[in-house]
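The following note sets out numbered points on the structure shown below. Please read them alongside the coordinates.

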Amino acid sequence: MELKNWPWASHAMMAALPDGWMLDGALHDPKLPNAAALAYPFFAAWLPMSVRSIASLVFSAFIAAMLGLAAGALWMVVTVYQRQPMPWLVLPIAAILAWTIRNSVRKPGNVAAALAALATLLASIYVSMLIAAAQIAGSMGLGFVDTLLTAGTGMLWQLARIGFSTSDVVWTLLAMLLATWLGLRPLPIKKQPK
């Protein structure tokens, strides 16, 4: 049964459909000869993203978050091994995150730049929380995992926020700018052999 034979499908409703059904000859009202041409661009501009593109974006955000957490954990290991804060280490971490995201997760562009910047911010926050947990574990003689489970996310976040210095904020902002810039840069074009 075609759409034009449905009792509820008036010409006004069919002109408002954004998926092109009104363009198959179902709209023949002489009073509205250009209704489909006028309605389609309006609705096409406001169409929601397809399910596939939303799923791709959510998956990309999940991978970027996991990369940020992994980078924060690696940063914490280096900081604990060196026994001194290393806020400048966020710059090479941002470069690695941006390179990984734009080469493996998303094409270079706005989305890759935003994901790289957010992954860098997540790495910086996560390393601060892990260092706070390591300090609690060291001062109380607890195991690291026990400290993470006992303290919880809320307490570790508050301790990390208190421990965040001005230099940490500046280094993190610079690293986020670097990650954004690297995420926007196009991939180098490979030369074809002659």
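1. The model under discussion is predicted.

2. The largest pocket has a volume of about 570 Å³. Its lining comprises 24 residues, and those closest to the pocket centre are Thr79, Pro85, Ser128, Ile131 and Gln135. Two or more lining residues come from each of α3, α5, α6 (144-163) and α7. Of the elements, α5 gives the most to this lining, with 8 residues.

3. Concerning the overall fold, the secondary structure comprises 7 helices and 0 strands. Among contacts with a separation of 6 or more, 63% join residues 24 or more positions apart.

4. On burial and surface, the chain has 194 residues, of which 30% count as buried. The accessible surface of the chain comes to about 12,900 Å², and carbon and sulfur atoms account for 70% of that area.

5. Which residues have the most contacts inside the largest nonpolar core? They are Trp75, Ile93, Leu97 and Ile101, in a core of 23 residues. The elements that give two or more residues to this core are α3 (51-82), α4 (90-105), α5 (110-140) and α7. Another core lies apart from it, with 7 residues, including Ala132, Ala151, Leu156 and Ala160.

6. Leaving aside residues up to four places away in sequence, Trp75 touches Met86, Pro87, Leu89, Val90, Ile93, Ala123, Ser124 and Val127. One of these partners, Ile93, is also listed among the residues with the most contacts inside the largest nonpolar core.

7. Is Leu174 buried, partly exposed or exposed? Leu174, found in helix α7 (residues 166-184), has a relative accessible area of 43%. Leu174 and Val90 are 84 residues apart along the chain, and their C-alpha atoms are separated by 8.8 Å.

Key: Residues are numbered from 1 along each chain as its sequence is written. This is a predicted model: local features need pLDDT of at least 70, side-chain atom pairs count only at pLDDT 80 or more; totals for chains, interfaces and linings use all residues. Side-chain values use heavy atoms; hydrogens and water are left out. Helices (H or I, at least four residues) and strands (E, at least two) are DSSP runs, numbered from the N terminus. Buried means under 20% relative accessible area, exposed over 50%, partly exposed in between (1.4 Å probe, protein chains only). Contact means heavy atoms within 4.5 Å. Accessible areas come from the Shrake-Rupley method with a 1.4 Å probe; for residues, only the protein chains shown count as cover. A nonpolar core is a set of buried Ala, Val, Leu, Ile, Met, Phe, Trp, Tyr and Cys residues joined through side-chain atoms within 4.5 Å. On a 1 Å grid over the protein atoms alone, a cavity is a set of points where a 1.4 Å probe fits but cannot get out, and a pocket is an open set with protein on both sides within 12 Å along at least five of seven lines; lining residues have an atom within 4 Å of a point. Grid points are joined across faces, edges and corners, and a volume is the space filled by probe spheres set on the points.
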